[in-house]
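Subject: Structure handover and cavity notes

Hi,

Here is the structure I promised to pass on.

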Amino acid sequence: MKFSDRITAMECSPIRKLIPYANKAKEKGKKVYHLNIGQPDIATPRQFFDAVKNFNCEILTYSPSNGIPELIDAVIPYYRNYGMEFSKDDILVTNGGSEALLFTLMSLFDKGDDIVIPEPFYANYKSMFQVLEINVVPISTKVEEGFHLPSKAEIEKIITPKTKAILISNPGNPTGTAYTREEINTLASVAKEKGIFIISDEVYREFVYDNLDYASFGTIKDIEDNVIIIDSISKRYSACGARVGLIVSRNKEFMTNAFKLCEVRLSVAELEQIGAAALYKTPQNYLKEVNEEYKKRRDIVFEALSSMEGVVCRKPEGAFYYMVKLPVDNAEKFVIWLLEEFDVDGETLMMAPADGFYETEGRGIDEVRIAYILNESDLLKSMNILKEGLKKYPGRTTK
Ligand SMILES: Cc1ncc(COP(=O)(O)O)c(C=O)c1O
């Protein structure tokens with residue numbers, strides 16, 4: 001029996017592929033700090049659980065394919081608060097941002113169409129591109145430049161008649177880069193002039209630090225028809241397990257097409273949507289406090305990384321990730337070595353080797369992604385393990 005070429009071409013997630021090594025380390029009694037995965041440790045607001053507990057019904061029926069009215073009604077004022085006015089028809093509730101992405105890509109791309117995307121990019125995008133046979137055209141960005149975008153002329157050069165969309169994660173996973181208003185305006189004008197879509201993945205919208213001027217594509221005028229926003233409660237409200245996301249767009253034709261896919265999967269779990277609706281009413285203060293907590297963690301990690309000889313990184317403006325260049329021959333080998341052969345007082349750490357976040361062969365070989373999703377004390381311990389590990393690693397490339 002044979003499986004599809006599409007599925008066999010799909011690669012394993014770089015974030016998860018080293019988990020067997022971590023499991024073995026744990027079996028041997030080592031404590032492993034997981035900085036490889038973007039699973040926040042912040043408590044989900046009580047409002048979620050209270051709303052689910054108080055929900056009363058006789059039968060859990062299929063709910064509307066576009067999402068339950070309570071949730072859509074709660075989401076509209078949330079966006080209004082950020083200066084974005086959307087109507088009910090501009091919103092589709094999905095099973096996480098992941099399904100929102102998948103449905104968007106399925107609605108826009110035929111086999112062999114081009115997607116333009118800054119690299120490095122979120123590894124699950126790659127799996128979706130592979131399974132949908134979308135051709136990836138990367139915009140090259142570098143750690144030394146904080147992964148910011150090249151000039152408009154450089155971006156225009158790679159747009160072809162086969163380009164359907166530019167996909168951008170802002171603030172970015174895995175880079176932590178929050179693009180400037182100027183960068184957003186540049187992409188908007190490219191999209192407008194070339195008549196292509198912008199898929200703006202804004203699941204980390206609230207995770208922008210230092211009072212930076214964050215610009216959502218939903219606020220940019222005259223490109224309403226080009227913009228599709230991907231959203232999610234996973235990171236915003238530390239509710240990854242709820243699996244509630246959104247597609248938001250004012251492009252009616254796109255929404256009609258994406259809705260067909262929503263109908264095929266019938267509905268999103270109603271109880272989770274009830275909980276999500278309550279989350280969107282959580283006082284704004286919650287988001288402010290979470291932002292301050294992550295900013296503190298970002299700064300701790302930056303200070304630690306800056307003190308490590310040979311490590312290259314810039315302080316990221318947002319999300320909760322660092323992409324870091326390490327003085328090692330191969331980041332994957334280094335991560336495996338940390339798990340198999342190294343510890344500080346019985347403790348070690350796991351990071352995500354970065355080559356899986358790149359499309360271009362050979363890029364990211366000496367880089368890792370660090371997710372700063374642990375508390376202060378665990379982060380400090382992890383950074384100390386990294387520092388000591390780099391000193392002892394046999395494949396170190398600089399003194
Ligand atoms: C950039 C980005 N987009 C989308 C997602 C998917 O989020 P979810 O499906 O949990 O909403 C993630 C999850 O890590 C992400 O980092």
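A word on terms before the results: the domain bounds used here come from an automatic or database domain assignment. Please also keep in mind that this is a predicted model.

Searching the whole structure turned up 3 cavities of 30 Å³ or more.

The largest cavity has a volume of about 80 Å³. Its lining consists of 13 residues, and those nearest the centre are Gly146, Phe147, Thr175, Arg314 and Pro316. Sorted by class, the lining of this cavity holds 7 nonpolar, 3 polar and 3 charged residues. Both domain 1 (5-43 + 285-392) and domain 2 (46-279) contribute to the lining of the largest cavity, with at least three residues from each.

Next comes the second largest cavity, at about 70 Å³. Here 14 residues form the lining, with Pro118, Pro120, Ser169, Asn173 and Tyr179 lying nearest the centre. Which strands each supply at least two residues of this lining? They are β3 (114-119) and β5 (163-169). The largest share, 3 residues, comes from β5. The lining of the largest cavity, for its part, includes 3 charged residues.

Best wishes

Technical notes: Residues numbered from 1 in each chain as written. Predicted model: local features only at pLDDT ≥ 70, side-chain atom pairs only at ≥ 80, totals over all residues. Heavy atoms only, no water. 1 Å grid on protein atoms, 1.4 Å probe; cavity = no way out; pocket = protein on both sides within 12 Å on 5 of 7 lines; lining within 4 Å. Points joined across faces, edges and corners; volume = space filled by probe spheres on them. Nonpolar A, V, L, I, M, F, W, Y, C, P; charged D, E, K, R; others polar. Helix = DSSP H or I, 4+ residues; strand = E, 2+ residues; numbered from the N terminus.
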